[in-house]
Amino acid sequence: MPTADRNRLRVLDALLRSGPASRVELIEATGLSRTTVSKLVGELLAEGLVAERDGGGDGGAGRPAAVLALDPAAGAAVGIDFGHDLVRVAVADLSGAVLAEARRDIDVDARAGEAIALAARMVGAELRRARLRRDQVVGIGVAVSAPIMRSPADPGATPARSGGATSILPGWGPFAPGGELERRLGRPVLMGNDANLGALAEVRDGAGRGARNVVYVMLSGGIGAGLILDGRLFLGHSGLTGELGHVVADRDGRICRCGNRGCLETVASAAALLDDLRPLHGPDLTVAGAIALARDGDPGARRLFADAGRTVGRAVGAICNVVNPERVIVGGELGVVGDVLVDAVAEGIARSAMPAIAADAQVVPGSLGERAEVLGAIGLVLAETRADAIAVRRRSKSSGP
């Protein structure tokens with residue numbers, strides 16, 4: 001391949017992987033010269049592969065800074081998040097901008113077949129809302145609340161059967177969700193652990209933007225951790241990273257759904273917090289209601305969230321001692337509760353990490369909330385889509401009748 005073509009693909013790849021970027025950011029991401037990037041951007045704009053838009057920042061002399069993104073007409077990406085008790089679907093253009101999104105509540109753990117069928121119907125409905133055809137979708141990313149064995153040759157990988165994963169999602173035993181969704185929707189499917197994909201989203205579009213070493217803590221129906229090390233998502237030998245919720249926090253505690261006793265999820269997950277609050281506020285209390293109580297100053301709710309945050313923080317502090325992150329992002333469904341939780345996580349880290357390492361780690365709330373996982377699923381598609389396939393696809397559309 002000629003050097004000029006390789007350089008074009010480097011620019012396109014940077015926009016796919018990192019999202020909209022300024023010309024300066026493209027120079028840093030590609031290692032190309034300012035002159036080369038300027039020339040290539042001009043060509044890509046003329047061909048309709050790249051579009052320029054207002055970045056909202058300071059472009060100097062009173063002008064807004066312009067950012068470049070893949071043209072929305074070049075295709076679309078779909079994200080699906082299978083939480084423990086919900087399915088969320090989002091459709092985005094290739095710049096990562098969400099065009100349509102929906103959520104449905106369902107017991108995903110126990111009703112796997114119904115959840116997969118529901119997700120397929122939701123994808124069809126959201127594509128229609130976005131006025132997109134299925135053949136415009138370059139890929140579908142799927143976030144699941146279970147370990148995922150890394151198998152690049154098998155986009156339909158099932159939740160891993162080692163490490164207690166089948167007991168974590170007991171209703172999923174007969175199903176290969178990736179393969180089943182590919183069969184129903186006819187598009188390539190990539191799967192990832194929800195905490196890992198949440199980390200990817202927060203670094204790409206949220207509270208971790210610009211950071212290269214990040215621990216993302218997902219506090220929802222389950223508890224997970226995603227690691228971004230030196231700017232890349234870290235998956236470990238087999239992809240089975242991030243199972244923070246199954247670190248033992250109380251050796252004599254409650255039995256966990258994974259089969260162990262006293263896991264962090266049994267004391268600090270959304271379900272565990274509701275178990276403690278419902279005797280005080282009624283059996284119908286929801287996660288949203290518990291968060292509202294804490295935000296409104298209810299002393300019991302605030303104490304419970306603070307205790308949970310400190311317990312999680314102590315476990316995260318051990319991770320910090322190993323990887324020395326510059327930022328710890330507290331996200332997930334519970335992350336929106338605010339300072340009472342984030343400050344408690346920071347306190348727990350300070351108690352268990354080396355002082356210098358704890359001082360290095362800025363603890364911040366996630367900015368994407370419970371949407372981080374579905375946005376990360378979209379980010380997975382964009383990161384894995386080949387730029388040359390987009391370029392060829394766009395040329396074929398342009399040269400058609």
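## Basis

The model is predicted: local features need pLDDT of at least 70, side-chain atom pairs count only at pLDDT 80 or more, and totals for chains, interfaces and linings use all residues. Numbering starts from 1 along each chain as its sequence is written, and side-chain values use heavy atoms, with hydrogens and water left out.

## Helices α1 and α3

Helix α1 spans residues 3-18 and helix α3 spans residues 34-47. Helices are DSSP runs (H or I, at least four residues), as are strands (E, at least two), numbered from the N terminus. The two axes come within 10 Å and cross at roughly 80°. Axes are lines fitted to C-alpha atoms, for helices over the stretch in contact, and angles run from 0 to 180 degrees between N-to-C directions. So α1 is roughly perpendicular to α3 (65 to 115 degrees).

From α1, the contact (heavy atoms within 4.5 Å) uses Ala4, Asn7, Arg8, Val11 and Leu12. Thr36, Leu40, Glu43, Leu44 and Glu47 supply the α3 side. Five of these contact residues are nonpolar, two polar and three charged. Ala, Val, Leu, Ile, Met, Phe, Trp, Tyr, Cys and Pro count as nonpolar, Asp, Glu, Lys and Arg as charged, and the others, Gly among them, as polar.

## Loop residues

Asp71 sits in the loop between β2 (64-70) and β3 (76-82). Asp71 is buried, at 17% relative accessible area (buried means under 20%, 1.4 Å probe, protein chains only). Asp71 and Glu47 are 24 residues apart along the chain, with 10.0 Å between their C-alpha atoms.

Ala146 belongs to the loop between β6 (137-144) and α5 (165-168). Ala146 is also buried, with a relative accessible area of 1%. Ala195 is 49 residues from Ala146 in sequence and 9.3 Å away in space, C-alpha to C-alpha.

Terms used. Parallel < 35°, antiparallel > 145°, perpendicular 65-115°, else oblique. Buried < 20%, exposed > 50% of the residue type's maximum accessible area, 1.4 Å probe, protein only.
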